[in-house]
Amino acid sequence: YVVTVACDTPFLPDDLVERFIAALQETGRACCVARSAGGVHPVIGLWPIGLARDLEAALDQGLRKASAWAEQQGAVEVFFPSAQLGGRPIDPFFNINRPEDLAEAEALLEQAKASRIDAADL
């Protein structure tokens, strides 16, 4: 298997791969993708390496949408609930696309760091 993740998702769940493997075992499917309250995240998935030739063929035919390819492969969607960071719920697949998103991620990390320090003082 190979795990794929987007490079702009800094708060991936610690149990991502474990939950993917469990979903494959439970469903008997060959591959899976992440889902959250924000929707499906087809770039974040677990794929058997045996699909490499199918992926290459799809790319040669002009397919460029990860969601379309995942659907063609029958990928099961694995739901991940909101995570807590800095005392607030966030999408575990929070995506940094703009400078404002980066600023928000940095603020969340600072809040989380402050929360840990405050808790240590108790």
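Let's start with one residue. At 34% relative accessibility, Arg88 counts as partly exposed. That label covers the range between buried, under 20% relative accessible area, and exposed, over 50%, with a 1.4 Å probe and protein chains only.

A word on the source. This is a predicted model, where local features need pLDDT of at least 70 and side-chain atom pairs count only at pLDDT 80 or more, while totals for chains, interfaces and linings use all residues. Residues are numbered from 1 along each chain as its sequence is written, and side-chain values use heavy atoms, without hydrogens or water.

Back to Arg88. What does Arg88 form with Glu104? A salt bridge, with the closest N and O atoms 2.7 Å apart. Glu104 sits in helix α4 (residues 99-121) and Arg88 in strand β6 (residues 88-90), so the pair ties together parts that are 16 residues apart in sequence. By salt bridge I mean a side-chain nitrogen of Lys or Arg within 4 Å of a carboxyl oxygen of Asp or Glu. Helices (H or I, at least four residues) and strands (E, at least two) are DSSP runs, numbered from the N terminus. Glu104 is partly exposed too, at 27% relative accessible area.

How many salt bridges does the structure hold? Four. The general idea is simple: side chains of opposite charge can pair when their charged atoms come close.

Take Arg35 and Glu77. Their side chains meet in a salt bridge at 2.6 Å, N to O. This pair links distant parts of the chain: Arg35 is in strand β2 (residues 32-36), Glu77 is in strand β4 (residues 76-79), and they are 42 residues apart. Arg35 has a relative accessible area of 30%. For Glu77 the value is 41%. Both are partly exposed.

Next, Arg98 and Glu100. Their salt bridge spans 3.7 Å, N to O. Salt bridges with shared partners join Arg98, Glu100 and Asp101 into one network. Is Arg98 buried or partly exposed? Partly exposed, at 47% relative accessible area. Glu100 is also partly exposed, at 47%.

Now the whole chain. Four helices and six strands make it up. Along the sequence, the pattern reads β-α-β-β-α-α-β-β-β-α. The C-alpha atoms fill a box of roughly 55 × 35 × 20 Å along the principal axes. There are 122 residues, and 32% of them count as buried. Contact means heavy atoms within 4.5 Å. Among contacts with a separation of 6 or more, 62% join residues 24 or more positions apart.

Which residues does Ala66 contact, leaving aside neighbours within four places in sequence? Pro42 and Val43. The C-alpha atoms of Ala66 and Pro42 are separated by 5.8 Å, and the two residues are 24 apart along the chain. Ala66 is partly exposed, at 31% relative accessible area.

Last, the surface. The chain exposes about 7,800 Å², by the Shrake-Rupley method with a 1.4 Å probe. Carbon and sulfur atoms supply 54% of that area. Val3, Val5, Val17 and Ile21 make a nonpolar surface patch of about 270 Å². Patch residues have over 30% relative accessible area and no salt bridge; like charges are joined within 9 Å, and nonpolar side chains (Val, Leu, Ile, Met, Phe, Trp, Tyr) within 5 Å. Val17 belongs to helix α1 (residues 16-27). Its relative accessibility is 36%, so Val17 counts as partly exposed.
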